[in-house]
Amino acid sequence: MIRGTILIAATLGMIMTAAVSSAAAGKKPDGRTVPYTKIRMSEYQNFLQNWDEKKDPLLYALVSTPAAYRALFHPAPTMPSRRPFAPDESLYEKEQILVAARVMPHPKNVEEVFEIEKIIEKRGSLSLYYKFNNPEPSAEWQGKIYLAVRIPRRSYQKIFFFENGKPVGELNVAAGQWSVPALDPSTGKTGD
């Protein structure tokens, strides 16, 4: 019996030593990975609203309501396309959409401009990590290229955006901020 107790104590001691060693080495858990679904730019028949890209080179937002989606995206009715202009309103019952966008010379493949690395939830905050692959322009005209990602609906205090490993934006959702530049969901106009 004493031998079994000593064996258990030794095993627990090794586990505790490993945990302390990991903490001392600076290894902290990264938080919880959040599942997501990327929305292709061609999924809906719409376009991103204009903003002053000189003042705000990156537009970013957390879209949690149909009104916020309408403030950010405008329908682009063309014939004969049958794509919807926006997600079904029922999407917002269980999900919300993260958006990051830039104005640039229009590239050949818009889907390769932004590449999701990971989305992490930690202590009431959310962090979106993505790569921005600055493309070779394939057209003379400027376009609004965006990353849109569906995530589970949860309340967050803050949302952080990281581009190529560097922080590029922060939304204080707890204070009611849902977009940069600030947009009014009822009019779709910037708050400037």
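Visitor: Is Gly143 buried or exposed?
Guide: Look at the cut-offs: buried means under 20% relative accessible area, exposed over 50%, and partly exposed in between (1.4 Å probe, protein chains only). Gly143 has a relative accessible area of 7%, so Gly143 is buried.

Visitor: What kind of model is this?
Guide: Residues are numbered from 1 along each chain as its sequence is written, and side-chain values use heavy atoms, with hydrogens and water left out. Local features need pLDDT of at least 70, side-chain atom pairs count only at pLDDT 80 or more, and totals for chains, interfaces and linings use all residues; the model is predicted.

Visitor: Which residues does Gly143 touch, not counting residues up to four places away in sequence?
Guide: Gly143 is found in strand S9. Strands (E, at least two residues) and helices (H or I, at least four) are DSSP runs, numbered from the N terminus. Contact means heavy atoms within 4.5 Å. With sequence neighbours up to four places away left out, Gly143 touches Arg102, Val103, Met104 and His106.

Visitor: How many residues are in the largest nonpolar core?
Guide: A nonpolar core is a set of buried Ala, Val, Leu, Ile, Met, Phe, Trp, Tyr and Cys residues joined through side-chain atoms within 4.5 Å. Val63, Leu72, Ile97, Leu98, Val99 and Ile151 have the most contacts inside the largest one, and its residues number 47.

Visitor: Which residues does Leu98 touch?
Guide: Leu98 is among the core residues with the most contacts. Leave out residues up to four places away in sequence, and the list is Ala61, Leu62, Leu126, Leu128, Leu147, Ala148, Val149, Ile151, Ile159 and Phe161.

Visitor: Why is the pair of Phe114 and Phe132 tilted?
Guide: Rings of Phe, Tyr and Trp (its six-membered ring) pair if their centres lie within 6.5 Å; planes under 30 degrees apart count as stacked, over 60 as edge-to-face and the rest as tilted. Here the centres are 5.6 Å apart, and the pair is tilted because the planes stand at 40 degrees.

Visitor: How many residues apart are Phe114 and Phe132?
Guide: Phe114 is buried at 2% relative accessible area, and Phe132 is buried at 15%. Phe114 belongs to strand S7 and Phe132 to strand S8; this pair links distant parts of the chain, and the separation is 18 residues.

Visitor: Which residue pairs with Tyr129 in a stacked aromatic pair?
Guide: The two rings lie 4.4 Å apart, centre to centre, with 10 degrees between the planes. Tyr129 is partly exposed at 22%. Its partner is in strand S10 and Tyr129 in strand S8, so the pair ties together parts 33 residues apart in sequence. That partner is Phe162.

Visitor: The charged end of which residue sits over the ring of Phe132?
Guide: A charge sits over a ring if NZ of Lys or CZ of Arg is within 6 Å of the ring centre and within 35 degrees of the ring normal. Over Phe132, the charged end is 5.2 Å from the ring centre, and the residue is Arg102.

Visitor: Which residue meets Arg102 in a salt bridge?
Guide: Side chains of opposite charge can pair when their charged atoms come close. A salt bridge is a side-chain nitrogen of Lys or Arg within 4 Å of a carboxyl oxygen of Asp or Glu. Arg102 in strand S6 and its partner in strand S10 are 61 residues apart. At 2.8 Å, N to O, the partner is Glu163.

Visitor: What is the bridge partner of Arg32 in S7?
Guide: S1 and S7 run antiparallel, joined by 2 bridges. The partner of Arg32 in S7 is Glu121.

Visitor: How far apart are the closest N and O atoms of Arg154 and Glu121?
Guide: Arg154 is in the loop between S9 and S10, and Glu121 is in strand S7, 33 residues apart. Arg154 is partly exposed at 29%, whereas Glu121 is buried at 15%. They form a salt bridge whose closest N and O atoms are separated by 3.3 Å.

Terms used. Pairing = 2+ DSSP bridges.
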